[in-house]
Amino acid sequence: MPKAAEADLLDPVHLNRINDLSLLARVVVDGAMPGLHRSLRQGGGSEFFQYRSYEPGEDVKVIDWKVFAKRDELVARTFQEDTNFTVFLVIDASASMGFQGQSSPCGKLRYASMLAACMAYLAHRQGDRVGLFGYGDETQQWIRPASGSGHLQRVLSGISSLKAKGSSRHERAWNQLSSVLPARSMVVFLSDFLEAEGSLGEKLRFSLSPNYQTLCLQILDPEELHLPEDEALRFSEMEGAREVSSSPPAIREKYQRDMNEFMECLKNRLSAVSAEFETFLTGQDLGLGLRRFLKLRNLGK
Amino acid sequence: MIEFAQPAALWTGLAIGLPVLAHMAYRTITQKYPFPSLRFIHPSTIPRTGRKTPSDWVLLAARILLFASLTLLLADPYWKSERDADEGARESQTVVAVDLSPSMSGWGGLEEAGLTLRQLIDSEGGVDKVVGFGGEGISDLPKGDPEEGIGFEHGWKKGDAQVLLDGLDEVFDPGAKDKKLIIVSDFQASDWQSAYRDLGTCGVEYQLLRVGENLANDGRSQNQSIVEARAVPVGSDKIRVWVVVRNWVDGIAEAQLSLLAGGAEQAAKTLTLNPLGSAQTQFILDAGNFSKATVRLKDGDSYALDDERTLWLKAPPARNFGFWLANENEEDTREEFEYLRTAVLSSGDGAWNRWVSNQDLGDALRLGGTDAGLDLLFGLGVGPWFEGEGLPKILQTYLENGGVALLTPSEPVSASVSLLNQTDLMKFGFSKVEGGVSRDGEVFRMAALSESSLLGEVFSGKYSRDLYLTSFFRFACLKGLASNLKVPIEDRKGRPLAIVRDFDGGGRLVFLPFRISPRWTDLPVRNCFLPMLMELVGKGTRGRSLRAWPVLEAGEEWSGEKVFRAGKPGAYRFEDQWIEVIPSLAESSPLTLADAELSQCLGGPRKPSKAKVGEPVLGNESSDSLWLWFAIAVAILLIVEMIWSRPKFQATANGETANA
């Protein structure tokens, strides 16, 4: 369990105030989860990482002679090692992801964006290549996997620019994605997975391959589990024009039962294709999600 | 204080409870709520809130006020001052209206009306007011002393029941609650057939009491009427009195007709009258022996007013004509003057129908005096002098007042044409004088008269031969005539030989495009000249009538310098006229309206609406109606209610707007 201060830093109530996803990711990863993630591989990569004291016996190639000339001290340069591992972030940005319940700190898409930003940062810190695919009824963002700080900024900008609109067309998005996935990839789906359980198992069969890890994070608003507290509402579908007048107290019990069945079904389907599944509520802190990410990421090393 | 014309409508005030109930049983209005998926959302019954206390007190108050105002509006409120309230203290009022039309004098109508009224006064309810009505309007009548009997006198003017129905506002006191009108009348058809007012909606209960039915003597048909009587000259020493008698009985009848003159019966005749028909006869009297005569049905009948007719036997005054001349020494003018004066003087018979040359009247008119008495004016050689003396305006006034004038042109003719055009007396153009400078002995003749011509009826067959032989040596060619001008005669090429304009006031202006002299035409020496001249100037001549004297029905007026209003039948001297006044012929008809027809005239047999009793329709309080103010109040409250109860919008937490 994170300490109290760390818990505050992971709380979406507070994080929602930070507009800059880059800053948000550093706050979360560096501030609230030090040591949780694996140390960077230092070695023969191409990207400079930091200086450290030269240890006698090491190859003299690592000595930075310019620093020695200025400071009369032997300093070794370390480089970030490329892992040849790809983290692919797939974010559902359909209209339903724009929902925000009356007591929720943020909308579902915002929560998914914060989570994805932190994951992208974590992956970057571990030397992984990061890719982004954001979709609604059409592709909103498509950033090929790459590494480096500049690429991280592009990914974070891409995440920021996602807008919740249109109806979700999961099948089309997954068809596009599966054709470009490189080997040794980890695919992180962030979606509400509404109406998706029928085709999800079929489309994620690539997870059965040892070259892929799939993490499906379902983002829901608490009201989607318990319904609003109002006595009567005229529900209108965010991804359609249908409206239903109903009394939440009258249908709450059956609604929760149906919702649980749906989530159970979803979980079973994903388990059948070796995909990890976890449900997050928008009021929930980001720590659990990040730990699940790291756990799965470590399996892929 | 506020009173209501429709107090029953106040029951709608119970509807005030509706908004209270609505607020108590407030039904939750479902608010629109965007939701990610409706997959597991099922419709359900929307529960009522079941609030036990009214919600939104301000809105409730607005709605209660709205219903209250609407209720008062439906009740038709009006403001009644204290003075009106005092005047209206009388709870009920019974008014008896007695028909005083001339027909009531026949068949015992007025006598029966008196007896009926006495019975009404003696009855338990009594009578508050008695009025008489007829052609003269409504008049208050004394209720009289029942011990002495009640007598009425009819008016002479034709009766008019509408006068009573329109005048009910003044008949009843404004504050009377229950208004009852008892109409005592013979309900003669001519008086009642066009009358209408819905007394029920006026809050007046009515009762019809029919009198003058003459049931004891076979009903009202026992009547014979002198429907026409005229005195016309026969030669120079005799007068013929021509009389038409109508029989209103559905059976053959005999009428004894006598002519009274000089205080004695001069002649008598017996006429046989067909059923519902008429017959005529005549009496011949020596002219000059009597100035006035009376024709009378000797036996009399149930309706006496039409049994006698008085006639004036003297000839009417001669008609006057005069001249406006530029220079009587000028040859054409002098000859025209002589031809026209002689012709007009010859046109009368010297006795009953006479023309007199009265140059004094002509001169007086020329100097701007009144045109009274001048029947015909000749303007000879109209030219610049005409405008120089300001005569066009005087002539215009004279014509608009019914005068008749004949104008001839001067030389050059263009001056006359220009004058008439500029003064708007006549609008036409002029091209040349045919047969003028280039006269080569050609003679112009008149074209055949069309059937629609002014002279077509006079000159037909062989009588028109002389007209068509008339020669015109010179005449002005007129063209471009205005639409208000008529062309009674034209030459064989269709060029006008006379143009006529009729004025709205009955006047007529005739313009001849030639001088009446042998150098222009041989018309003055033709036999057709006199009838053609008198036909051209005849129509519209004042006083020109088939009758010798004006004959007026009672109630009609004759305007001279003063106004004569006809009343009792007879012969009356008025200014320089004798006027014969005859009773209204319509009143002679024995026909009456049936009860069903009368009921329709008075808005049907229904009782007056109780809601309307006391309604200010018959009072003078319509201006105090508060209906408009309450209508405005209702409109304002309705707007307030709509604004107050409109759906309210507020931003939701996710930044979108939703119904709250």
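Two strands pair if DSSP finds at least two bridges between them. Helices (H or I, at least four residues) and strands (E, at least two) are themselves DSSP runs, numbered from the N terminus.

## About the model

This is a predicted model, in which local features need pLDDT of at least 70 and side-chain atom pairs count only at pLDDT 80 or more, while totals for chains, interfaces and linings use all residues. Residues are numbered from 1 along each chain as its sequence is written, and chains are lettered from A and ligands numbered from 1 in the order in which they are written.

## Strand β26 of chain B

Let us start with β26(B), residues 508–511. Strand β19 of chain B (residues 404–409) runs parallel to β26(B), and four bridges join the two. In this pairing, Val404(B) sits opposite Arg508(B). Strand β25 of chain B (residues 496–502) is also joined to β26(B) by four bridges, but here the strands run antiparallel. Ile499(B) is found opposite Phe511(B). Five residues lie between β25(B) and β26(B), which form a hairpin, and Gly506(B) in the turn has a positive phi of about 100°.

As for side-chain directions, Arg508(B) and Val510(B) point one way from β26(B), Leu509(B) and Phe511(B) point the other way, and all are buried. Buried means that 20 or more other C-beta atoms lie within 10 Å of the residue's own; exposed means 12 or fewer, partly exposed is in between, and the C-beta atoms are placed from the backbone.

## Two open sheets in chain B

Strands of a sheet pair through backbone hydrogen bonds, either parallel or antiparallel. One open sheet of chain B has three strands in the order β9-β10-β13, with antiparallel pairing. Its edge strands are β9 (224–234) and β13 (278–286), each of which pairs on one side only. The twist from one strand to the next averages 20°, with axes taken as lines fitted to C-alpha atoms (for helices over the stretch in contact) and angles running from 0 to 180 degrees between N-to-C directions. Between β9(B) and β10(B) (residues 238–247) there are 10 bridges, and Val234(B) stands opposite Lys238(B).

Another open sheet has four strands in the order β12-β11-β14-β15 of chain B, again with antiparallel pairing. β12 (264–273) and β15 (308–312) stand at its edges with a single partner strand each, so one side of each has no neighbour in the sheet. Neighbouring strands here are turned by 20° against each other on average, direction ignored. β14(B) (residues 292–297) and β15(B) pair over five bridges, with Ala293(B) opposite Leu311(B).

## A buried alanine in chain B

Ala113(B) belongs to helix α4 of chain B, residues 109–122. Ala113(B) counts as buried because it has 26 C-beta neighbours inside 10 Å. Leaving aside residues up to four places away in sequence, Ala113(B) touches Val98(B), Met104(B), Phe152(B), Val184(B) and Val211(B); a contact needs C-beta atoms, placed from the backbone, within 7 Å of each other. Ala97(B) is 16 residues from Ala113(B) along the chain, and their C-alpha atoms are separated by 9.9 Å.

## Chain A and its strand β6

Chain A has 11 helices and 10 strands, and 42% of its 301 residues count as buried. Among contacts in chain A with a separation of 6 or more, 77% come from residues 24 or more positions apart.

Strand β6 of chain A (residues 185–191) is largely enclosed by the rest of the structure, because seven of its seven residues are buried. β6(A) pairs in the parallel sense with β3(A) (residues 86–92) over six bridges, and Ile91(A) stands opposite Leu190(A). β6(A) also runs parallel to β7(A) (residues 212–220), with seven bridges joining them; there, Ser191(A) is opposite Gln218(A).

## Helix α10 of chain A

Helix α10 of chain A covers residues 248–272, and its 25 residues should span 36 Å at 1.5 Å a residue; the end C-alpha atoms are 34 Å apart, which agrees. The expected span is 1.5 Å times one less than the number of residues. Within α10(A), the residues Pro248(A), Tyr255(A), Leu266(A), Arg269(A) and Leu270(A) are buried. The buried residues of α10(A) pack against α8, β7, β8 (233–237), β9 (243–246) and β10 (276–281) of chain A. After α10(A) comes Ser274(A), with a positive phi near 60°.

Methods
Two residues are in contact if their C-beta atoms, placed from the backbone, lie within 7 Å.
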